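Morning, everyone. I have one structure to show you today. Let me put it on the screen.

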Amino acid sequence: MKDVVATVKSNKIIAENVYMMTLTISENVGEIHGGQFVNLATGGGEHLLRRPLGVMKVEGNDISVCYQLKGEGTKKLSEAQEGQKLKILLPLGNGFPLEGKKKIAVIGGGVGIFPLIATIREHCADKEFYSYMGFRTKSAVCLLDELEKSRSLTVVTDDGSFGEKGNAVEAYLKDAAKLGADCIIACGPPVMLKVLKQKLNERANKIPCFVSLEERMGCGIGACLVCVCKKQNGENARVCKDGPVFKINEVNL
Ligand SMILES: Cc1cc2nc3c(=O)[nH]c(=O)nc-3n(C[C@H](O)[C@H](O)[C@H](O)COP(=O)(O)OP(=O)(O)OC[C@H]3O[C@@H](n4cnc5c(N)ncnc54)[C@H](O)[C@@H]3O)c2cc1C
Ligand code: FES
């Protein structure tokens with residue numbers, strides 16, 4: 001993990017209220033795995049904490065993150081200009097553990113698709129990915145070209161304005177038996193992960209399932225305990241350091 005200064009290469013809108021920022025990092029920061037994240041300064045001065053964002057793509061010295069406009073921090077980020085310098089701490093947290101897995105079902109919702117894209121890009125040479133991606137509506141759909149490395153891609157929207165009407169969990173469950181995946185990875189809004197956990201447990205699912213969680217964060221490195229979540233055994237876990245990827249039944253959702 002390193003704290004470095006990156007240069008904004010591009011910062012453009014890719015869907016309604018969603019931006020993609022590509023940053024060039026000249027220092028060697030080591031390997032970055034899909035599911036890991038960065039803590040990025042917003043350019044809004046030191047009073048704004050850095051914001052955690054999942055890595056979407058790594059290409060040579062360039063790292064791309066995508067972010068949805070939410071509040072002050074992401075608004076400030078959206079104003080960053082090409083050539084601007086931003087401090088970035090990376091790589092943080094754990095990636096998706098896919099050793100020994102071959103056929104992976106990928107379930108993403110909204111901005112949760114970004115770390116999943118990085119994971120598919122990293123492993124598509126020797127693993128098969130079957131992606132189920134859900135968006136609110138057509139204007140939120142983005143980065144489908146980045147998902148082309150999936151063996152199959154199902155896109156659904158809540159209102160049916162793009163792809164079938166429905167959500168990504170339902171879409172996967174419809175295919176689950178014939179797909180026969182040996183692993184599931186998922187990232188999306190808390191309600192999506194909660195429903196996924198409930199449905200998998202109802203079906204006595206035996207396939208390992210890993211989810212990436214979001215929590216409010218401070219330091220991003222395990223020191224401040226802002227990001228603590230409850231584990232099913234009653235213990236606490238730091239999402240930044242012990243996660244953000246957890247086994248679905250390890251954590252309370
Ligand atoms: C590991 C991780 C990866 C993430 N990856 C992405 C991503 O790839 N794309 C994306 O759009 N969003 C991602 N998020 C959520 C993103 O960090 C928040 O949307 C963002 O910090 C909001 O900042 P803001 O100042 O615009 O919003 P405000 O609501 O003004 O933020 C106020 C404070 O709350 C924190 N906060 C608000 N919402 C969240 C949230 N959902 N998760 C964590 N902290 C939050 C902010 O960091 C800030 O400290 C990720 C969060 C985590 C923890
Ligand atoms: S954000 Fe500080 S411990 Fe996780």
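One term before we start. A nonpolar core here is a set of buried Ala, Val, Leu, Ile, Met, Phe, Trp, Tyr and Cys residues joined through C-beta atoms within 7 Å. Keep in mind that this is a predicted model.

Now, the largest nonpolar core. It has 76 residues. Which of them touch the most other members? They are V38, V65, V106 and I107. Among the elements, helix 2, residues 113-123, gives the most, with six residues. And where does this core lie? Domain 1 and domain 2 both give residues to it, so it lies between them.

Let me stay with I107 for a moment. Set aside its neighbours within four places in sequence. I107 is then in contact with Y132, A168, V169, Y172, I184, A186 and L196.

Three of those names come back in helix 3, which covers residues 168-179. Its buried residues are A168, V169, A171, Y172 and L173. What covers them? The cover includes strand 7 (103-109), strand 8 (128-135), strand 9 (152-157) and helix 4 (190-202). After helix 3 comes G180. The phi of G180 is positive, near 60°.

Next, the two domains. The domain assignment gives domain 1 as 2-92 and domain 2 as 103-212. Their C-alpha centres are 24 Å apart. Domain 1 puts 13 residues into the contact, and domain 2 puts in 14.

Look at the domain 1 side. Strand 1 (2-15), strand 4 and strand 5 each supply at least two residues there. Strand 4 gives the most, with four. By class, that side has six nonpolar, five polar and two charged residues.

Last, the ligand. How many residues surround ligand 1? There are 22. The closest are G54, K70, G71, G73 and T74. Which elements give two or more residues to this shell? Strand 4 (51-59), strand 5 (62-68) and helix 1 (72-78) do. The shell divides into eleven nonpolar, five polar and six charged residues.

Strand 4 and strand 5 give residues to the shell around ligand 1. Strand 4 and strand 5 also supply residues to the side of domain 1 that touches domain 2.

That's the tour. Questions, please.

How values were computed:
Residues are numbered from 1 along each chain as its sequence is written. Chains are lettered from A and ligands numbered from 1 in the order in which they are written. This is a predicted model: local features need pLDDT of at least 70, side-chain atom pairs count only at pLDDT 80 or more; totals for chains, interfaces and linings use all residues. A residue is near a molecule or strand if its C-beta atom, placed from the backbone, lies within 6 Å of it. Ala, Val, Leu, Ile, Met, Phe, Trp, Tyr, Cys and Pro count as nonpolar, Asp, Glu, Lys and Arg as charged, and the others, Gly among them, as polar. A residue is buried if 20 or more other C-beta atoms lie within 10 Å of its own, exposed if 12 or fewer, and partly exposed in between; C-beta atoms are placed from the backbone. Domain bounds come from an automatic or database domain assignment. Two residues are in contact if their C-beta atoms, placed from the backbone, lie within 7 Å.
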